[in-house]
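Hi everyone, and thanks for coming. Today I'd like to walk you through one structure, going from the whole chain down to single residues. Have a look at it first.

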Protein chains: 2
Amino acid sequence: MAKAWFEPITKELAAVEEEIFRELHSSNAELNDMCNYVVSAGGKRIRPAICILSYLACGGKDVSKAISLGSAFEIVHTASLVHDDINDKSEIRRGRRTLHKEFCVSKAIVTGDYMMAKGFRAMGATSNQIVDVIVDAASRMSEGEFIQKEFEHSFDVTEDDYYKIIHGKTAMLIEACAKTAAFLADAPEEMIDALGNYGESIGMAFQIIDDTLDVIGDVNNTGKRVGLDLIEGKPTLPTIIAMRDPTYGQRIKEVFMRTEPSESDVREALDIIKKTDAIDYCRKKASAIIDKAIQQISVIKDSVYKDSFISLAKFIGERDR
Amino acid sequence: MAKAWFEPITKELAAVEEEIFRELHSSNAELNDMCNYVVSAGGKRIRPAICILSYLACGGKDVSKAISLGSAFEIVHTASLVHDDINDKSEIRRGRRTLHKEFCVSKAIVTGDYMMAKGFRAMGATSNQIVDVIVDAASRMSEGEFIQKEFEHSFDVTEDDYYKIIHGKTAMLIEACAKTAAFLADAPEEMIDALGNYGESIGMAFQIIDDTLDVIGDVNNTGKRVGLDLIEGKPTLPTIIAMRDPTYGQRIKEVFMRTEPSESDVREALDIIKKTDAIDYCRKKASAIIDKAIQQISVIKDSVYKDSFISLAKFIGERDR
C-alpha cells in the first residue's frame, strides 16, 4: 500500500502541534481557552507540512526552523479563519461550533487579532528577513476578500475573477510557505521559485476542490454544512460554471443573486448544479493544475520529500474532506 | 506665547500623513476608500510624534526612518481602533461615523486586518530588528482587551486591575514608539529605557484622561458621545473611584452592573460621578504620572525636542479632547 503523503514528516508535524500551543499561550485564561478551542479542532495542517517538506527537500539541516516557520504560518492561517467565519456567519468549522458562536463575536475578533500578531511574531523569530513575505501575503488575503465581496450575489463574475480571488485568498499564503522554507534552507533561487510555483498551484487546486465540496460534500467528512457559499452569494467555480449552463443556468443565477435565499432555493440550486457539468469541469481543472504543480517541481532532486510533495498534490486533487 | 508641542516637527508630521496613505494604498477601490475614510478622519497622531521626537532627541540623523516608523505605529494603532469600535458598538469616532457603521461590520473586520498587516509590513521595512517589539505590543493589546472584558459590569474591579488593563491597551504601544525610535537612532541603552518609561507613563496618563472625558467630555471637542464606557460596563478609573464613594457609590454600582442601562440611568450616573471626588482624583493621578514622565526624561540632554516632550506631557495631562 502506498504510504500516506505525510509519512516522512510525522514527527515534525507532531512538533508543530506543540509549538502552536506554546506560541499562543496567554496568561489570560479565557484568551488561552479560546486559542486552544480553535487550534485543538485540528485541521489538515497542510501549510506547516509544506514548510517542512520544502525545507527538507532543499537539504535544510535544522528542521526546527521549518517547524517554527510552519507553526507561524498555521497560526496566521487559523487567525484568518476566525475572522472569515465571523464575516461569513459560519456556524460550524472542523466539525464544531465556530469560535464566535461558541464564545462571542467581539472576543473572537480580539482572539483573531491576537493570533495574527503571535503568528507574525513567531515568523519574525524564525528569520526577520521573511516577515515581509508573510505580512504581504496577509494583506493580499484581505484584498482577495474584498474582490470576493465585490462579486457577491453578482451573476457577471467570470472564471478569471474567481482565479484572482482564490489566488489572494488561498494560493499566496501556501506559495509563501513553500518559498520561505526553501529560502531558510539556503536553496538556490531556481528551487525557491519552483517550490513557490508548486505551492501556488496546489493552493489554487485546494480552493477549487474546497468549493466543489460546498456542493457535493458530506458534513460528516468536511465538518461544514453544504451550500454555505451559495447562501452567502460567494462566487465559486462550480456556481460560475453552472450559471453558464443553457438549461439550468438561469435558475442558478436567480438563486445566486438572492441576498437571502430560502433553504429550499439552496437545496434546489445544489441539486441543479450537480446536473450540469460544473463539478466535472472543476475536477478536471483542479486535476490539470495538480499535474502542473507536479511538473513545476521536476527541478527538485529526487527524495522521499519530493515523493511526498507529489502524493500531497494528488491527495489535494482527490480529497473529499 | 508658548509654542505648540508639535512645532519643531510640523514638517515631519505632514510627511507621516502622506506616508500613511501611501502605505495603505490598495488596488482594490473599496478597500482603499475604507482605509482613506478612517485615516482622513485625522487623530492626534501622538504615536508618530513620539517616534519622531524620540529619534531626534537621540540625535538620529535620518529622520525619514522615524517618519516611516511613526507611520507604521499609527497604522497599527488605527487598525486596532477599527476592531475596537466594532467590539464596543461605537457609532462615532473622531467626529464621524465609525467604519463599520459607514460601511459594514464584515468589511471593517477585513479592513482592520489589512491595516494591521500593512502596519507590520511598514515596520519591518524600517528595521526588521524591531518588528517583534510592535507585534509583541499588539498581542498585549489583545490581552488587555480580555482583562477588560473580564471586569465588564463587575463592581469588584480594583484600581490595580484598571492600571493593568490600560497598560496593555494603551501604554505599551506608546512605550514601544519611544523605545524603537531611540533604538533606530542608535541611542545608548540608558536613553532607550528613559524614553520608553516616558512613553509608558504618558500612555497611562493619556488613557486616564480619556476615561475622564467619557464622563465630563463635550462631544464637540472629543468627537465621541459621553457615557459610552459606562453603557458598555467598561471599568474606568472615574467609575472605580466613584463606586467607592460612601454616599453615591451604591447607585453607581447598580448602573455599572446593568448590562443594558437605560439612557436616564446613564445620565444620572454621569451626574453622580461628577458629584464625587472621582474626576478630581483622576486628574491628580494623571498629573502625578505626567510629573513622573517629565522626571523620567531628565537624563536626555536639552534640546527643542526634549522641550516638546515636556509640553506634550503637559498637553496630555490637561487635554479636553
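Let's start with a term we need: the radius of gyration here is taken over C-alpha atoms, and the rule for a globule is 2.2 Å times the number of residues to the power 0.38. Please keep in mind that this is a predicted model. Chain A has 321 residues, so a compact globule would have a radius of gyration near 20 Å, and the 19 Å of chain A agrees with that. If you draw a box along the principal axes, the C-alpha atoms of chain A fill roughly 55 × 50 × 35 Å.

What is chain A built from? It has 16 helices and two strands. Buried residues account for 55% of its 321 residues. Now take the contacts in chain A between residues at least 6 apart in sequence: 72% of them join residues at least 24 apart.

Next, the partner chain. How many residues of chain A are in contact with chain B? There are 35, and they meet 35 residues of chain B. On the chain A side, the elements that give two or more residues are helix H2 (29–40), helix H4 (63–87), helix H6 (105–126) and helix H7 (131–150). By class, that side of chain A divides into 14 nonpolar, 10 polar and 11 charged residues.

Let's stay with H7(A) for a moment. This helix has 20 residues and reaches 29 Å from its first C-alpha to its last, close to the 28 Å expected at 1.5 Å a residue. Of its 20 residues, 17 are buried, so H7(A) is largely enclosed by the rest of the structure.

Now find H16(A), residues 304–318, towards the end of the numbering. H16(A) has 15 residues and spans 21 Å from first C-alpha to last, close to the expected 21 Å. Which of its residues are buried? They are Tyr305(A), Ser308(A), Phe309(A), Leu312(A), Ala313(A), Ile316(A) and Gly317(A). These buried residues pack against helix H3 (46–57), helix H9 (189–216) and helix H15 (278–296) of chain A.

Let's zoom in on one of them, Leu312(A). Leu312(A) has 21 other C-beta atoms within 10 Å, and the cut-off for buried is 20 or more, so this residue counts as buried. Leaving aside neighbours within four places in sequence, Leu312(A) is in contact with Trp5(A) and Ala49(A). Phe103(A), on the other hand, is 209 residues from Leu312(A) in sequence and 34 Å from it in space, C-alpha to C-alpha.

Here is a pair of helices to look at. The axes of H13(A), residues 249–257, and H14(A), residues 263–275, come within 10 Å and cross at roughly 145°. The crossing is left-handed. From H13(A), Arg251(A), Ile252(A) and Val255(A) meet Asp265(A), Val266(A), Ala269(A), Ile272(A) and Ile273(A) of H14(A). That contact has six nonpolar, no polar and two charged residues.

Last, two backbone details. Arg45(A) is not a glycine, yet it has a positive phi of about 55°. Arg45(A) sits in the loop between H2 and H3 of chain A, and it is partly exposed, with 19 other C-beta atoms within 10 Å. In chain B, Asp186(B) has a positive phi too, near 60°. Asp186(B) lies in the loop between helix H8 (159–184) and helix H9 (189–216) of chain B. Is Asp186(B) buried or exposed? With 12 other C-beta atoms within 10 Å, Asp186(B) is exposed.

Definitions and conventions: Residues are numbered from 1 along each chain as its sequence is written. Chains are lettered from A and ligands numbered from 1 in the order in which they are written. This is a predicted model: local features need pLDDT of at least 70, side-chain atom pairs count only at pLDDT 80 or more; totals for chains, interfaces and linings use all residues. Helices (H or I, at least four residues) and strands (E, at least two) are DSSP runs, numbered from the N terminus. Two residues are in contact if their C-beta atoms, placed from the backbone, lie within 7 Å. Ala, Val, Leu, Ile, Met, Phe, Trp, Tyr, Cys and Pro count as nonpolar, Asp, Glu, Lys and Arg as charged, and the others, Gly among them, as polar. Axes are lines fitted to C-alpha atoms, for helices over the stretch in contact, and angles run from 0 to 180 degrees between N-to-C directions. A crossing is left-handed if the near helix is turned anticlockwise from the far one by less than a right angle, and right-handed if clockwise. The expected span of a helix is 1.5 Å times one less than its number of residues.
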